[in-house]
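Hi,

Here is the structure I promised to pass on. Please have a look at it first, and then read my notes below.

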Amino acid sequence: MVQLLSVGAFLHDVGKINVPDSILNKPGKLTEAEFTVMKSHVNHSIKIIESTPGISELSLEVAVLHHEKLNGTGYPFNIPKEKITKYGRMIAICDIFDALTANRCYKDGYSHIKAFSILRSLAQKEHLDQRLVDLFIKCMGVYPVGSLVELSSNKLAIVESRNDGDPTNPKVRSFYNSLDGSYVMAEDIDLSDNEDFIVRGIRSL
């Protein structure tokens, strides 16, 4: 099951190969006509996946549903809430999260915290499934494993693991002093049992 979903997730945007680069990489807002062309990537993805031997119906389902919304205003088919499967709802959340956090030629990605906030707002508008959004955020963690954070001690650290009972205070490994710009001896810190705390999540040094 997971493998089939993964195949669908990898292929859901394959249809973008038929969308002109001038639209895909446009730095400004798309015109209505350009957005219509952009939306056609879903139809292209469906045709490509349907013509590819060995691709499962579940993998295709993921591609078909990744831009549909629970309030029926998604595309390309305006599918109503009751016909959007659990897996379609899941891929929609993942796709939007990726779009929000990715660095593109026309924008810098949002922090995970900002992206989580936007996902919750979209769920309140019935674009996304509220329960699945909350589970996604819980799974990812407020500060996801591998993310870079700045501590109150002016150290930079990598999040090593989550504390399920206290998601805002994960276990981290510090390695850099941002105050004087020097690397320091790596130190494992459990922030749930330490006076140090996360000031902010950061994207790069």
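Predicted model: local features only at pLDDT ≥ 70, side-chain atom pairs only at ≥ 80, totals over all residues.

First, some housekeeping. Residues are numbered from 1 along each chain as its sequence is written, and side-chain values use heavy atoms, with hydrogens and water left out.

**Overall fold**

The protein has eight helices and five strands; these are DSSP runs numbered from the N terminus, with helices being H or I of at least four residues and strands E of at least two. Read from the N terminus, the order is α-α-α-α-α-α-α-α-β-β-β-β-β. Along the principal axes, the C-alpha atoms fill a box of roughly 55 × 35 × 35 Å.

**Pockets and cavity**

The terms here come from a 1 Å grid over the protein atoms alone: a cavity is a set of points where a 1.4 Å probe fits but cannot get out, a pocket is an open set with protein on both sides within 12 Å along at least five of seven lines, and lining residues have an atom within 4 Å of a point. Points are joined across faces, edges and corners, and a volume is the space filled by probe spheres set on them.

The largest pocket holds about 1100 Å³ of space. It is lined by 34 residues, and those closest to its centre are His67, Asp95, Ile96, Ala99 and Arg104. Helix 2 (21–24), helix 3 (32–39), helix 6 (86–101) and helix 8 (130–140) each give at least two residues to this lining, and helix 6 has the largest share with nine. By class, the lining of the largest pocket has 19 nonpolar, six polar and nine charged residues. In this scheme Ala, Val, Leu, Ile, Met, Phe, Trp, Tyr, Cys and Pro count as nonpolar, Asp, Glu, Lys and Arg as charged, and the others, Gly among them, as polar.

The second largest pocket has a volume of about 320 Å³. Of its 14 lining residues, Leu5, Tyr87, Met90, Ile91 and Cys94 are the closest to the centre. Helix 1 (2–11), helix 6 and helix 8 are the elements giving two or more residues to that lining, with helix 6 giving the most, five residues. The lining of the second largest pocket has 13 nonpolar residues, one polar and no charged ones.

**Helix packing**

Axes here are lines fitted to C-alpha atoms, for helices over the stretch in contact, and angles run from 0 to 180 degrees between N-to-C directions. Angles under 35 degrees count as roughly parallel, over 145 as roughly antiparallel, 65 to 115 as roughly perpendicular and the rest as oblique. Contact means heavy atoms within 4.5 Å.

The axes of helix 6 and helix 8 come within 10 Å and cross at roughly 55°, which makes helix 6 oblique to helix 8. The residues in this contact include Met90 and Cys94 of helix 6 and Phe136 of helix 8. By class, the contact of helix 6 with helix 8 has eight nonpolar, no polar and two charged residues.

Helix 7 (residues 112–124) packs on helix 8 at an angle of about 165°, with the axes 9 Å apart, so helix 7 and helix 8 are roughly antiparallel to each other. Among the residues in contact are Phe116 and Leu119 of helix 7 and Val133 and Phe136 of helix 8.

Helix 4 (residues 41–50) and helix 5 (57–65) have axes that come within 9 Å and cross at roughly 170°, and are therefore roughly antiparallel to each other. In this contact Val42, Ile46, Ile49 and Glu50 of helix 4 meet Leu60, Ala63 and Val64 of helix 5.

**Backbone details**

Most residues other than glycine have a negative phi, and most peptide bonds are trans. The bond from Tyr75 to Pro76 is cis, with omega near 10°, and Pro76 sits in the loop between helix 5 and helix 6. Asn78, in the loop between helix 5 and helix 6, has a positive phi of about 50° although it is not a glycine.

Best wishes
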